[in-house]
Amino acid sequence: MTGKHASMRAIESGKISMIDQLKAISATAFIVGIYVALRWNLLDVPLDRDEGGFAYIGQIINAGGLPYQDATDHKPPLVFYLYALAQRVFPESATGIHLFGHIYNFITLIVLATLARKITGNYAAAFFTALIFAAFSAAASLQGFTTSVALLMLLPISLSALSAAYAIEKQKWTYVLLSGFFGALACWLKPVAFFSIIPLFAWVVWKWEASPRDSSHLHTSHRRALTRIRTTAIWLSGGMLSSILVLLPFAANGLLSEVWYWTFTHNFAYSQAIDISQNLARVISWIRHVLWPKGESIPVLAALTGCVLMLSFRIKYSVFVTSFLVGSVVGTIPGHNYNHYFMQWAPAVSLAAGVALAILIANRTKFFRFSIGSLAALATLIMPLAMLPGYYVTDPAHVISRKAFGANPFPESEVLAEWLRQNSENDNTVFIYGSEPQILFLSGLRNVSRHIYMYPLLQNFERHEEFQEEAIRDIIKERPTFIVSTNVPTSLLASRSASPRFDRAITRYVQENYRPVGWIPVTNIAPEFNSISIMDRNLARRFSEHTYRILLFKRSSRE
């Protein structure tokens, strides 16, 4: 990119005028203001089951336990440690978790703005990239209100990209090592980060310049090949270093096989349920029916335009940005597609779109630059608020959750957890026949089994019968004070081809040893806990009025 206006040259030379300083402060304040404004109404949204599982395992870590040993989830281990960190800094609540997520994501914004500035030499690109990311990563279509693992992986992906840019500019091996280090961390959050990372790795290896002093006796082509082999080795060494740090506590406790099973084996079996052609259709459907109607497709269109412009003008980093975008899109195709998975697009989309706007205003008059910048800034704030005022401003937290997740009992979980917290003693325990670990986190009660999700038990996975027997033994041995049950289909996802033993065993055990004490219907209104009286003759009628509900049972005194 050629041509920089006077303020940019002044900043680069270190001579920053008062006016330039005020411009920089105003731009930063504006981005911070937009970032906060678009998220203020989202802080108190009830945790979903993924967030609840991460948070509960984070509690276990802070209490001295280990993932996979004391609680299972088919996610790589790093996410649990980030949630453990969140709970050491912020309150153990939905608000605390989301506050951590938004601050964490703002660090990603800073890294992306720095990356845009680094690869273009243009502060306008940094401003537009930050602006677009502030809005796009909050989008309802990406479930930007959740502290999802898809959101958490964006920071190490962006740090890997920034390190790669520094490596090429400064020709220092340290940055190659850091790029590999952060790239592997991203994969230990979510393996599909691999697709965003691989273009960065390939770009560093390809662009690294062989020094004439290195193996000067070799032919130029041989020297280049040797340099690329060395660059690959250093990049992979960074990845191995971060992997060792992540896996060390599990290796010390003999849990590497469990890490491998839950991170890779189980996930591979889980993703096999949907083939690539189905996923491509779902990606297209998401763009047409979710992203496009809400106006959140505009950054994607701007990113595609940016890639075309950069390739057409042969901008220095055009291949880097374009391949980063392509890799990020490809990463959302394998396996299942949920809305928050598309968060993986956010860094590359924001970077490409930000560069596109910077190209548009390059070498133009001050008035033109100011007009385009102002329009982009206003559009970033006004469009989301105009198209989704409920999501960003007026909807209560439980309504946002219901609109996003349908009949999943996430608002009801908060009410039940509060009742359990007020009506239980320190040594009380619980078992949840369903996949609602957010109840465990919010209530502070310990689950008597490490299986906090029912999917591995009720679907026909290779080890599902083993897990069923393990859970039955845990329940009989530990005799939980409470048992929570739900009939919400997405909380069970029971397969007809799986063994029915667990369902029959838990039903019989509850009937013989527990009494119902309360229930919560899953409705579109604010949930409330309903106590069950022994003399409640209208219970069957009240149940029939609600398709889905959560039931709470307490161990009988005679048991």
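Mentor: A contact here means heavy atoms within 4.5 Å. The model is predicted, and local features need pLDDT of at least 70, side-chain atom pairs count only at pLDDT 80 or more, and totals for chains, interfaces and linings use all residues. Residues are numbered from 1 along each chain as its sequence is written, and side-chain values use heavy atoms, with hydrogens and water left out.

Trainee: How many helices and strands are in the protein chain?

Mentor: Both are DSSP runs numbered from the N terminus: helices are H or I with at least four residues, strands are E with at least two. By that rule the chain has 26 helices and six strands.

Trainee: What percentage of the residues of the protein chain count as buried?

Mentor: Buried means under 20% relative accessible area, exposed means over 50%, and partly exposed lies in between (1.4 Å probe, protein chains only). The protein chain has 559 residues, and the buried part of them is 56%.

Trainee: What is the accessible surface of the protein chain?

Mentor: Areas come from the Shrake-Rupley method with a 1.4 Å probe; for residues, only the protein chains shown count as cover. Carbon and sulfur atoms hold 62% of the accessible surface of the chain. The total is about 24,800 Å².

Trainee: Which residues is Gln59 in contact with, leaving aside its neighbours within four places in sequence?

Mentor: Gln59 sits in helix α3, residues 49-62. Its relative accessibility is 16%, so Gln59 counts as buried. With those neighbours set aside, its contacts are Gln87, Glu92, Leu440 and Phe441.

Trainee: Among contacts between residues at least 6 apart in sequence, what percentage join residues at least 24 apart?

Mentor: This is a total for the protein chain, counted over contacts between residues at least 6 apart in sequence. The part joining residues at least 24 apart is 76%.

Trainee: At what angle do the axes of α8 and α10 cross?

Mentor: Axes are lines fitted to C-alpha atoms, for helices over the stretch in contact, and angles run from 0 to 180 degrees between N-to-C directions. Helix α8 covers residues 154-170 and helix α10 covers residues 193-207, and their axes come within 10 Å. The crossing angle is roughly 5°.

Trainee: Are α8 and α10 roughly parallel or roughly antiparallel to each other?

Mentor: Angles under 35 degrees count as roughly parallel, over 145 as roughly antiparallel, 65 to 115 as roughly perpendicular, and the rest as oblique. The helices α8 and α10 are therefore roughly parallel.

Trainee: How many nonpolar, polar and charged residues has the contact of α8 with α10?

Mentor: Ala, Val, Leu, Ile, Met, Phe, Trp, Tyr, Cys and Pro count as nonpolar, Asp, Glu, Lys and Arg as charged, and the others, Gly among them, as polar. The contact includes Ile157 and Ser160 of α8 and Trp203 and Lys207 of α10. By class it has 10 nonpolar, two polar and one charged.

Trainee: Is the crossing of α14 and α16 left-handed or right-handed?

Mentor: A crossing is left-handed if the near helix is turned anticlockwise from the far one by less than a right angle, and right-handed if clockwise. The axes of α14 (residues 298-313) and α16 (residues 346-361) come within 7 Å and cross at roughly 60°. That angle makes α14 oblique to α16. The crossing is left-handed.

Trainee: What distance separates the axes of α14 and α15?

Mentor: Helix α15 covers residues 318-330 and packs against α14 at an angle of about 150°. The two are therefore roughly antiparallel. Their axes are apart by 9 Å.

Trainee: What is the phi of Tyr68?

Mentor: Most residues other than glycine have a negative phi, and most peptide bonds are trans. Tyr68 lies in the loop between α3 and α4 (78-89), and it is buried, with a relative accessible area of 0%. Its phi is positive although it is not a glycine, at about 75°.

Trainee: Where is Arg479?

Mentor: Arg479 also has a positive phi, of about 45°, although it is not a glycine. Its relative accessible area is 33%, so Arg479 is partly exposed. Its place is in the loop between α23 (464-478) and β3 (482-486).
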